[in-house]
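The tour goes from one selection to the next.

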Amino acid sequence: MTSRDVEIRNHSGLHTRPGTLFVQLAKSFQADISVRKGERRENAKSLPKLMRIGVSCGDKISIEAEGPDETAAVERLSNFLAALEE
């Protein structure tokens, strides 16, 4: 398993619009991908589940992946969140 911690810098957090783009990107990988915030862990390929976590500006989350392209998945998703500014 590969994981990386990311701090959300987008002032609106990971709301529906960027959340949808994040989920679409996650679905492009074969690996099983999860987002963890504190004790909560949800499937990164499901927008409703991702929204349940409630990711806000300043939150620190962990992107976790397991599968054949886990390293690429974590890197691309982390870079997506780091570049996210709205």
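Which residue in β3 is the bridge partner of Ser-34? Select Ser-34 and look across to β3: the partner is Asn-43. Keep in mind during the tour that this is a predicted model.

**Stop 1: the hairpin**

Now select residues 32-37, which are strand β2, and residues 40-43, which are strand β3. These two strands pair in the antiparallel sense, over four bridges. Together β2 and β3 form a hairpin, and two residues lie between them. Select Gly-38 in the turn; its phi is positive, at about 65°.

**Stop 2**

Four strands make up an open sheet, and going across it the order is β1-β4-β2-β3. The pairing is antiparallel. From one strand to the next, the twist averages 25°.

**Stop 3: β1 and β4**

Hide the other strands and keep β1 and β4. These two run antiparallel and are joined by six bridges. Select Glu-7, then look opposite: Lys-60 in β4 is there.

**Stop 4: a salt bridge**

How many salt bridges does the count come to? The count is five. For one of them, select Arg-36 and Glu-64, which form a salt bridge with their closest N and O atoms 3.0 Å apart. Arg-36 lies in strand β2 and Glu-64 in strand β4 (residues 60-66), so this pair ties together parts that are 28 residues apart in sequence.

**Stop 5: two helices**

Select residues 16-27 for helix α1 and residues 70-83 for helix α3. The two helices pack at an angle of about 165°, and their axes are 10 Å apart. Do α1 and α3 run roughly parallel or roughly antiparallel to each other? Angles over 145 degrees count as roughly antiparallel, and α1 and α3 are therefore roughly antiparallel. Their crossing is right-handed.

Next, show the side chains where the helices meet. On α1 the contact is made by Pro-18, Leu-21, Phe-22, Leu-25 and Ala-26. On α3 select Arg-76, Leu-77, Phe-80 and Leu-81. Sorted by class, this contact has eight nonpolar residues, no polar ones and one charged residue.

Conventions. Residues are numbered from 1 along each chain as its sequence is written. This is a predicted model: local features need pLDDT of at least 70, side-chain atom pairs count only at pLDDT 80 or more; totals for chains, interfaces and linings use all residues. Side-chain values use heavy atoms; hydrogens and water are left out. Axes are lines fitted to C-alpha atoms, for helices over the stretch in contact, and angles run from 0 to 180 degrees between N-to-C directions. Angles under 35 degrees count as roughly parallel, over 145 as roughly antiparallel, 65 to 115 as roughly perpendicular and the rest as oblique. A crossing is left-handed if the near helix is turned anticlockwise from the far one by less than a right angle, and right-handed if clockwise. Contact means heavy atoms within 4.5 Å. Ala, Val, Leu, Ile, Met, Phe, Trp, Tyr, Cys and Pro count as nonpolar, Asp, Glu, Lys and Arg as charged, and the others, Gly among them, as polar. Two strands pair if DSSP finds at least two bridges between them. A salt bridge is a side-chain nitrogen of Lys or Arg within 4 Å of a carboxyl oxygen of Asp or Glu.
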